[in-house]
Amino acid sequence: MDVQKIIIDTDPGQDDAIAIMMALASPDLEVLGLSTVAGNVPVSQTATNACKILELAERPDIPVHAGCATPLRRTPITAEHVHGRTGMDGPDLPQPARPPQAGHAVDFLIDTIRAHPAGSITVVTLGPMTNLAVALIKAPDIAPRIRQVVSMGGAYSECGNITPNAEFNIFADPDAADIVLRRQIPLTLVPLDITHQFLISASRLASLRALPGRCAQAAVSMLGFSERFDLEKYGWDGAPLHDPCTIGWLLAPDLFAGRMVNVSVEVDSPLMQGATAVDWWQVTDRPHNALFLREVDSAALWKVVLARLSRLP
């Protein structure tokens, strides 16, 4: 079995929590650590939330490092209106016995990537890309050492979910996303075009509720809280489940389809800030810099989620 070593850079977030639990339950993934960033909630809370997820899953051996508290040059935004005051409202989660580790998340990323063989570590970003961008600026030698980056971010046909034109993770720090996209690192973007196809309907939530284990039940409570916002917003029969699609792609890439394209991020226009310009039809001569996913077998992906979460306590 080809066990992929991954670092998850995250801003938990209920959907982040489910993505992290999927990774922890996957024998074909080795989670080297969690680096946290300001996003859904401030960075001190995202670090605490990451520790709570690991405590819930009985994996306190995995280190958590808190990272950047603000975007590179923007006014910080958060999403408590979706995720609640803690970012993971819903379940009553255990207090972590192990706090975040000393040392900044950026340094953790740099040191870990340097300490492993080149091409062996995948970085999965579930929030704004601030930590990774700062790491690439501080230590440009790590760029060719990264196996790949998998990021939940951006949109093409689905436009935006925080502004009319921008997806939240990119909008929260467009400068960071622009830096990562320019570094010629193998990159897969999992945009709203994918996550808006992956809806958690009442029947899917019931199948999750039927699983044994406190992790699955915590996931039910999280989704029950966070989906209320999107159900009202979109009027669909289920709310999108964003971040688990990144882990789903690592585990079962055959369930997804997309193409190599050029993706550019708007960093200057007040109206379009954070928008991703996806050259789907290759009408420019800009070089390809990302695999941009646009199709997913939603039913099969849900089976992957259930299979992984069923392994946890």
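The axes of helix H5 (residues 130–138) and helix H7 (residues 174–181) come within 8 Å and cross at roughly 50 degrees. H5 is therefore oblique to H7, a term for angles that are not under 35 degrees (roughly parallel), over 145 (roughly antiparallel) or 65 to 115 (roughly perpendicular). Axes are lines fitted to C-alpha atoms, for helices over the stretch in contact, and angles between N-to-C directions run from 0 to 180 degrees. Helices (H or I, at least four residues) and strands (E, at least two) are DSSP runs, numbered from the N terminus.

This is a predicted model, in which local features need pLDDT of at least 70 and side-chain atom pairs count only at pLDDT 80 or more, while totals for chains, interfaces and linings use all residues. Residues are numbered from 1 along each chain as its sequence is written, and side-chain values use heavy atoms, with hydrogens and water left out.

**The helix pair**

Thr130, Leu132, Ala133, Leu136 and Ile137 of H5 meet Ala176, Ile179 and Val180 of H7, where contact means heavy atoms within 4.5 Å. By class, 7 residues of this contact are nonpolar, 1 is polar and none is charged. Nonpolar covers Ala, Val, Leu, Ile, Met, Phe, Trp, Tyr, Cys and Pro; charged covers Asp, Glu, Lys and Arg; the others, Gly among them, are polar.

Buried residues of H5 include Thr130, Asn131 and Leu132; buried means under 20% relative accessible area, exposed over 50% and partly exposed in between (1.4 Å probe, protein chains only). The buried residues of H5 pack against several elements, among them helix H4 (105–115), strand E5 (146–152) and H7.

**The sheet**

An open sheet of 8 strands has the order E3-E2-E1-E4-E5-E6-E12-E9, with mixed pairing. Strand E3 (64–66) and strand E9 (256–261) stand at the edges with a single partner strand each, so one side of each has no neighbour in the sheet. From one strand to the next, the twist averages 25 degrees. Two strands pair if DSSP finds at least two bridges between them.

| Strand pair | Direction | Bridges |
|---|---|---|
| E5 and E6 | parallel | 4 bridges |
| E6 and E12 | parallel | 2 bridges |
| E9 and E12 | antiparallel | 6 bridges |

In strand E6 (residues 187–190), Leu187 and Leu189 point one way and Thr188 and Val190 the other way, and all are buried. Valine 190 is the bridge partner of methionine 152, and leucine 189 stands opposite phenylalanine 292 in E12.

Helix H11 (residues 244–251) lies across E1, E2, E4, E5, E6, E9 and E12, running at about 140 degrees to E5.
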